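Visitor: I am new to this one. Please show it to me, and let me ask about it piece by piece.

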Amino acid sequence: MVKPMVEGIRQRFGLSVAEVAYHEKWQRAALGLAVVAESHGHAVDVLDNVERWVWSRPDVEVSAWETEWVDACGDDDR
């Protein structure tokens, strides 16, 4: 189930995504995604679309969704 989710996010949204935790747990996974965008607003839009897509999948039960922001330029234009 993890591989189709990872590939779906990669193909639909063009994001970097990987399984980052619970590798040895049955029916449990944690995915990490990376978004690089020209603005904070665009990054928010992309992540909102990904989140809606993930939550809409009937074969997936989401227990948590967390977002962490890293500003690589040091500018905070949010």
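Visitor: Is Phe-13 buried, partly exposed or exposed?
Guide: This is a predicted model, so every value here is computed from it. The relative accessibility of Phe-13 is 23%. Buried needs under 20%, and exposed needs over 50%. Phe-13 therefore counts as partly exposed.

Visitor: And Trp-53, buried or exposed?
Guide: Trp-53 has a relative accessibility of 13%. The cut-off for buried is under 20%. So Trp-53 counts as buried.

Visitor: How many aromatic pairs are there, and of what kind?
Guide: The count comes to one aromatic pair. The ring centres of Phe-13 and Trp-53 are 6.0 Å apart, with the planes at 70°. Planes over 60 degrees apart count as edge-to-face. So the one pair is edge-to-face.

Visitor: Which helices does the pair of Phe-13 and Trp-53 tie together?
Guide: The two residues are 40 residues apart in sequence.

Visitor: What span should helix α2 have, and how far apart are its end C-alpha atoms?
Guide: Helix α2 takes in residues 40-56, which is 17 residues.

Visitor: Where do the buried residues of α2 sit around the axis?
Guide: The buried residues are Ala-43, Val-46, Leu-47, Val-50, Trp-53 and Val-54. They cover an arc of only 120°, which puts them on the same side of α2.

Visitor: Which exposed residues are on the face turned away from that side?
Guide: The buried side of α2 has cover that includes α1 and β2. The face turned away from it carries exposed residues: Arg-52 and Ser-56.

Visitor: Which side chain makes a polar contact with the side chain of Trp-65?
Guide: Trp-65 is found in the segment after α2. Beyond its neighbours within four places in sequence, its contacts include Leu-47, Val-50 and Glu-51. One of these also makes a polar contact with the Trp-65 side chain, at 3.5 Å: the side chain of Glu-51.

Visitor: Is Arg-57 buried or exposed, and which side chain makes a polar contact with its own?
Guide: Arg-57 is also in the segment after α2. Its relative accessible area is 17%, so Arg-57 is buried. Arg-57 touches Met-1 and Met-5, not counting residues up to four places away in sequence. The polar contact, at 3.0 Å, is with the side chain of Asp-59.

How values were computed. Residues numbered from 1 in each chain as written. Predicted model: local features only at pLDDT ≥ 70, side-chain atom pairs only at ≥ 80, totals over all residues. Heavy atoms only, no water. Helix = DSSP H or I, 4+ residues; strand = E, 2+ residues; numbered from the N terminus. Expected span 1.5 Å × (residues − 1). Buried < 20%, exposed > 50% of the residue type's maximum accessible area, 1.4 Å probe, protein only. Arc of directions from axis to C-beta. Contact = heavy atoms within 4.5 Å. Polar contact = N/O pair within 3.5 Å; in protein donor to acceptor, adjacent residues only side chain to side chain. Phe/Tyr/Trp six-rings, centres within 6.5 Å; stacked < 30°, edge-to-face > 60°.
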